[in-house]
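Please open the model in your viewer, with the sequence panel beside it, and follow the selections below in the order given.

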Amino acid sequence: MPGQQEKILDVRNLQTHFFTDDGVSKAVDGVDFSLNKGETLGLVGESGCGKSITSLSILRLIASPPGKIVGGEILFKGQDLIAKSEAEMRKIRGNEISMIFQEPMTSLNPVYTVGEQIAEVLRLHQNMGRKEAWEKAVDMLRLVGIPSPEKRATQEPHELSGGMRQRVMIAMALACRPEILIADEPTTALDVTIQAQILELMKKLQAEMGMSIIMITHDLGVVAETCDRVAVMYAGKVVEYTTAKNLFENPKHPYTIGLMNSLPRLDEDVEELVAIKGNVPSPFNMPTGCRFAPRCPHATELCHSKLPELLTSDDGSKVRCWMYTPEWDGASKTATEMGV
Amino acid sequence: MFVYIVRRLLQMIPVLLGVILVVFLIMQMVPGDPAVLLAGEGASAETIAKIRTQLGLDQPVMVQYFHYVTDVMTGDLGTSLRSNLPVFDEIMARLPATIELAIASIFVTVVLGMVAGIISATKQYSAADITIMIVALLGVSLPSFWLGLSLIYYFSVKLQWFPVAGWGTWKHMVLPAITLGTAGAAIVARMTRSSMLDVVRQDYIRTARAKGLREQVIVYKHALKNALIPIITVVGLQFGFLLGGTVLVESVFAINGLGRLIVDAIRMRDLPVVQGGVLIASVIFVFVNLLVDVLYRYFNKRIDLN
Amino acid sequence: MMMTADQTKKPLLEVQNLKQHFPIKGGILGRTVNHVKAVDDVSFTIFEGETLSIVGESGCGKSTTGRAILRLDEPTSGSVFFEGKDLLAMSKSQMRSMRKDLQVIFQDPFASLNPRQSVAQILGEALAIQNIVPANQRRERIIELLSHVGLRPDQIDRFPHEFSGGQRQRIGIARALAMQPKLIICDEAVSALDVSIQAQVLNLLKSLQKEFKLTYLFISHDLGVVRHISDRVMVMYLGKVVEIADKKSLFDSPQHPYTQALLSAIPVPDVSKKQERIILRGDVPSPINPPQGCRFHTRCPLAVERCKTEVPALTNVHSTHQVACHLVP
C-alpha cells in the first residue's frame, strides 16, 4: 500500500548520537520510516525512545555539540536533507517542513505579540511586507479558530490560554503552507477537552491544505484517533511499523503488546494491569541483542545475543522480533497466547 | 503600570524618611561637637554656647530631627559651616559632573559588558569566550584607584591622548568612565553570558530555529530581549557601587563632583554638607532603583509586580 | 456491594462545605481586590477501605481540595471530619499528630524526596517521627517496607538520583506506608510516569490497598487511570462538584453534560471504535469571576435560560449517583 502513493519523506537508517562526558548516548540508532503525501504517520514510544530526537534530526535542529547525525539519509522529495547546507535548511524550516511542540506555554517568545511571531515567518519565507504579513497572520489566527483574531494578534503569549497558544503555534507552522507538519506531542500538555479541540483542528486543516503530518506521541489513543500508519519506537529503534488498523487489531512486537496491556482502559475493567517489568535501558549502555529482551516475557538466548532486523511479515507489517523469523524455535509461542 | 509607579512612589516616602533618620543619627553619633569646631580653637564657652543656640544644638534630639525633616522637605539642607553657602547650592554646583561621570560609566558598563557577554555566550568555550571571561575576572578584581592611575600613566602621561585631570570636554570623561565602569562591565559580561546561555536553551528559541531564522536574528531579536531581565537587575545594583566609586575616581582624576565634595566635607567636619550630600546620593539611588524596577517590569510582563 | 455501601461502610473522611478562596492583592495599597474561588462549597464522604477519585481538568480545584484536607493550605471555611474529628478545628500540634494517619504522594517523586538523603534516611526519618518501631529495629522495618513496594534490600543506602522515576515513586509510597496511615491522598501520583511504569505503580497501589486496608483519595486528570483504580468517582469543574457516583454508574451512564463531554473527548486506543465526540467550545473560564448559575453553562451544549442564573444542587439520580444539573431530573 505505501508503495503506490507518493513518498514525500523517506528516513533511512537514521542515527543521531550524543557525545557527552559520560559516553556516547545512542538516542536514535537506525530508524527507518517513510511518509506519504497527505497521510499522518505516528511515531510512538515512551520517554527516551528517541522519537523527539528523530523529529528534530529531520529539521537538523539537534544542538551540536553534543549531538550529531552520524549516519543515514533523510530524503525529502528525493533530496537528502543531511547533505544540505545550513542556508538551504533554513529555507526548508518553517516553510516546507514546520514543527509544533509539546509545551505551548513556553514555545512562543514571551516578549513579542503572537501576530508579530506569525508575521515574522511570512516575511522571512514569502517576502511579504510588514502590513501584508500582519494581515495574513490575522487570517491564520482566524483559520485556526481563534475568536476576534485582530485583537488577539496584538496580544502577547501570556495573555492566552494553553489551548489558544497551541492554536497560535499551529497558525505559525502552517502560515507558509508547508508540505510536512511535525507535531511533537502537540496535545500532551493540554486538558482532554482542549486536546479534542486541537486534534479536530489539525484534522480539518490537513483535509483543507493536504499536508502530511508526523505525529509524535506517547498516547496510543491519539494514535488511534489521528494516524494512518504508525512506527513504534523503543530504545532508539523502530520495533514495529504498520498501519494503525493493523497495530491495534493485530499488534506483533511484544513491546507493542505490553504497551497496550499496560494502558488502563476507559472502555473496560480489568482487575490487574499487565505491566511490562523493569525499566528502559540506558542509552549509554544498550543491550547487545534485542533491546527489549531484558524486559520481554518471551526472550530467549537468541534475543539476548543478536539484534533482529526490521522484517516484513505476511500482512505487510514490519516487526523487529525473532519470534516472526524462521530462526525462532519457541514456535509454540504465538501472538494469541501472549494475551492479545 | 501607572498604578504600580504611583504605589512605588508612595512606598518611597517611608524609605526617604528612614534615609533622613539614618543620616541624622550618624551625624549625632560622630564624635566632636560641631559648635566647637565652628567656633575655632580657644573660643570661649559663651561663644560656643551662642553658636549652639544658633544651630539649635541645645534642643532635644527629637526636636532637632523634626526641624531637620521639615527643613529638608522645604529644600533647605542647611548652611555649609566652611563656606557659609546653602548646602543645597553647593551640591547642585557639583552634581552635574558626578551625574555625567555616572552616566558615562554606566554606558561603559552596559555596552562593554553586554557586547563581551554576547560574544562569550554565542561562542561558548571558544578562545574568545575564554579570553573574555579571564579579562572579566581581572576587571572585577582590579582596584579602581590602581586602574585609574595606570590609565593616567599610559594614556595621559606617556601617549598624551587624554588630559590627566579635570572635567569639561568628552576627552576628560574617557579615562574616569573606563576606570569607574570596568568592574561593572565585567560583572555585566558574566551575567549577560549566563543569562544568554540560559535563554538559548528555552523552547521558544527552538521554535525560532524551526521557523528557519538566521542565527543572528535568533540571538539579537529572540534571545537578547529575554536575556535583558537579569542584566537590568545587575546594572541597577551596579549603580549603587558606582555612586560609591565616584568618590575615589573623582579624587584620582581631580574632578569637582559630589563625591569629592563629601570627602572634603568629612575632612573639614562640615556636617551639614556631609548630611546633604549623603541624602542627595541616597535619593538618587532610590529613584534609580525605581527606574530599574519599572524597566524590569516593562521587559518582563509575565512578572506581576502587583 | 455498591448499593449497600452507605449502610455497611464506615465513613473515614467527611468533607463538608469546603471552600478555598485565595485572595488576589492589587491596587495602590495592595488590598485584597478579589478571590480565586479554587474550591467553592464542596462536600463528599470517603468510606473506609475504598478509593474515591477526584477528576477534572486543570483549575477545577481537585488538587486544592487535597491540599485543603491536609491543611497544606489553610481552607477558607468548611469542615473536614476524619474519624469524626474536625481537622480544621484542630490546633497545629493536634494536626501534626494526625498527619501520620493522613499521608500524601505527589506527582513529582524527585521534587518530593530530599536529594541529600539516602532511602534509609528518608524512611528512617518517617519511622522516627512515628516512633513505634524502636531505633534498633528500624533498618529491618525499612527493608520490609522496601520489599512491600518492590525495591531490593541492597538499594537501601542509595540516593534518589540513583533511581528511575517509577522507583522514586515507589520510595514515596514506602515513605507514606512507613507511617501506617489510614488515608493516602495520591495527587497525580502516576501522571509523570510512562505507561509501562505507570501500570507497575498502579498495580502496586492496588495490592497495598488490599494488604493494609488503605483508603485512597486519588486525584487525577486521567480518566483511564481513574476507572482502573476507583470505587467511586467525583467530577469537578471550576471549584464545584458536578457529579459523584460509583465507578460503574459514572462510566456507563454519565449524567452531567460536562462528564459526558469529558469522557467522549478521550481518544480510545482502538481504531474500530470511532465514537461520536462532543467537542466543547472555548476554554475553562477564570475561577476569579466564575460564571453565574451553573459554572459550566458557558460551554454547555445543552444550557437553557435557567442554567445562567440558578446554581444547580447535587441531587440523587439513584442512591449512589448524584449530579448537579438542572436538566437531569
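Predicted model: local features only at pLDDT ≥ 70, side-chain atom pairs only at ≥ 80, totals over all residues.

Select helix 6 (residues 162-174) of chain A, which lies across strand 6 and strand 7 (180-184) of chain A and runs at about 170 degrees to strand 6 of chain A. Helices (H or I, at least four residues) and strands (E, at least two) are DSSP runs, numbered from the N terminus, while axes are lines fitted to C-alpha atoms, for helices over the stretch in contact, and angles run from 0 to 180 degrees between N-to-C directions.

Residues are numbered from 1 along each chain as its sequence is written, and chains are lettered from A and ligands numbered from 1 in the order in which they are written. The model scores ipTM 0.84 and pTM 0.81.

**The sheet and the hairpin of chain A**

Now select the strands of the open sheet in chain A, where 8 strands follow the order 6-7-8-3-9-10-12-11 with mixed pairing; two strands pair if DSSP finds at least two bridges between them. At the edges are strand 6 (97-100) and strand 11 (311-312) of chain A, each of which pairs on one side only. Within this sheet, pick strand 10 (residues 237-243) of chain A and strand 12 (residues 318-319) of chain A, which run antiparallel and are joined by 2 bridges; Glu240(A) has Val319(A) in strand 12 of chain A as its bridge partner.

Next, move to strand 1 (residues 7-20) and strand 2 (residues 23-36) of chain A, an antiparallel pair with 10 bridges. These two strands of chain A form a hairpin with 2 residues between them, and Val11(A) has Phe33(A) of strand 2 of chain A as its bridge partner.

**Chain B, helix by helix**

Switch to chain B, which has 12 helices and 0 strands, and whose C-alpha trace spans about 85 × 55 × 30 Å along its principal axes.

Select helix 6 (residues 127-141) and helix 8 (residues 170-199) of chain B, whose axes come within 8 Å and cross at roughly 140 degrees. Helix 6 of chain B is therefore oblique to helix 8 of chain B, given that angles under 35 degrees count as roughly parallel, over 145 as roughly antiparallel, 65 to 115 as roughly perpendicular and the rest as oblique. The crossing of helix 6 of chain B with helix 8 of chain B is left-handed, a term used if the near helix is turned anticlockwise from the far one by less than a right angle, and right-handed if clockwise. Among the residues that make the contact are Ile132(B) and Ala136(B) of helix 6 of chain B, and Ala186(B) and Arg190(B) of helix 8 of chain B.

Then select helix 11 (residues 258-267) and helix 12 (residues 271-299) of chain B, which pack at an angle of about 150 degrees with their axes 9 Å apart. Helix 11 of chain B is therefore roughly antiparallel to helix 12 of chain B, and their crossing is left-handed. The contact includes Leu261(B) and Ile262(B) of helix 11 of chain B, and Val274(B) and Gly277(B) of helix 12 of chain B. By class, this contact of helix 11 with helix 12 of chain B divides into 9 nonpolar, 1 polar and no charged residues; Ala, Val, Leu, Ile, Met, Phe, Trp, Tyr, Cys and Pro count as nonpolar, Asp, Glu, Lys and Arg as charged, and the others, Gly among them, as polar.

**The two interfaces with chain A**

Show chains A and B together: 18 residues of chain B are in contact with 22 residues of chain A. On the side of chain B that touches chain A, helix 9 (203-210) and helix 10 (215-252) of chain B each supply at least two residues, and the largest share, 7 residues, comes from helix 9 of chain B.

Which residues does chain C bring to chain A, by class? The side of chain C that touches chain A has 15 nonpolar, 9 polar and 6 charged residues.

Note on methods:
Contact = placed C-beta atoms within 7 Å.
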